[in-house]
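Hello,

Here is the structure we talked about passing on. Please open it alongside these notes.

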Amino acid sequence: MFVISLIVKNEFGVMQRVMGEFTRNKINVETIVVGKCEQPGKSRMVLSVIDENEAALAIGRLQKLQDVYDAELIPESGQSAYALISTSNGNVGVVGGSDQVEEIIARSKPEKYVKALNAL
């Protein structure tokens with residue numbers, strides 16, 4: 001999995017413009033996390049894609065968008081993962097390295113779960 005971290009304007013329509021680049025280039029986004037970040041008036045958008053060439057293409061396109069202040073490919077050592085797993089006793093949150101979270105999901109074999117990658 002290849003993780004792209006963006007610093008973008010925190011305003012209406014930015015997500016649509018960013019995702020438009022993925023749509024135009026027929027790149028599937030596996031996970032996406034967006035939220036306010038440490039920089040006032042800006043948000044961090046973290047996306048993951050499967051193919052390294054697609055990630056590089058996306059970064060090149062995204063850097064040209066007026067709403068994007070910074071775009072970078074995050075090395076595996078800088079990635080973290082989290083999952084929300086549905087169990088018979090309720091929902092459980094899991095946080096850790098991507099491999100750790102993947103192992104917990106495989107061991108618990110939940111009927112339902114959501115996994116996302118993140119990076120700072």
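Below are notes on the strands and then on one helix.

This is a predicted model, in which local features need pLDDT of at least 70, side-chain atom pairs count only at pLDDT 80 or more, and totals for chains, interfaces and linings use all residues. Residues are numbered from 1 along each chain as its sequence is written, and side-chain values use heavy atoms, with hydrogens and water left out.

Strands first. Helices (H or I, at least four residues) and strands (E, at least two) are DSSP runs, numbered from the N terminus. Two strands count as paired if DSSP finds at least two bridges between them. Strand 3 covers residues 42–49. Seven of its eight residues are buried, meaning under 20% relative accessible area, where exposed is over 50% and partly exposed lies in between (1.4 Å probe, protein chains only).

Strand 3 pairs with strand 1 (residues 2–9) in the antiparallel sense, over eight bridges. Ser-43 is the bridge partner of Val-8 there. Strand 2 (residues 31–36) also runs antiparallel to strand 3, with six bridges. Here Ile-32 is bridged to Leu-47. Five residues lie between the strands in the hairpin of strands 2 and 3, and Gly-41 has a positive phi near 75°.

Now helix 3, residues 98–108. Its buried residues are Ser-98, Val-101 and Ile-105. Lys-109 follows helix 3, with a positive phi near 45°.

Best wishes
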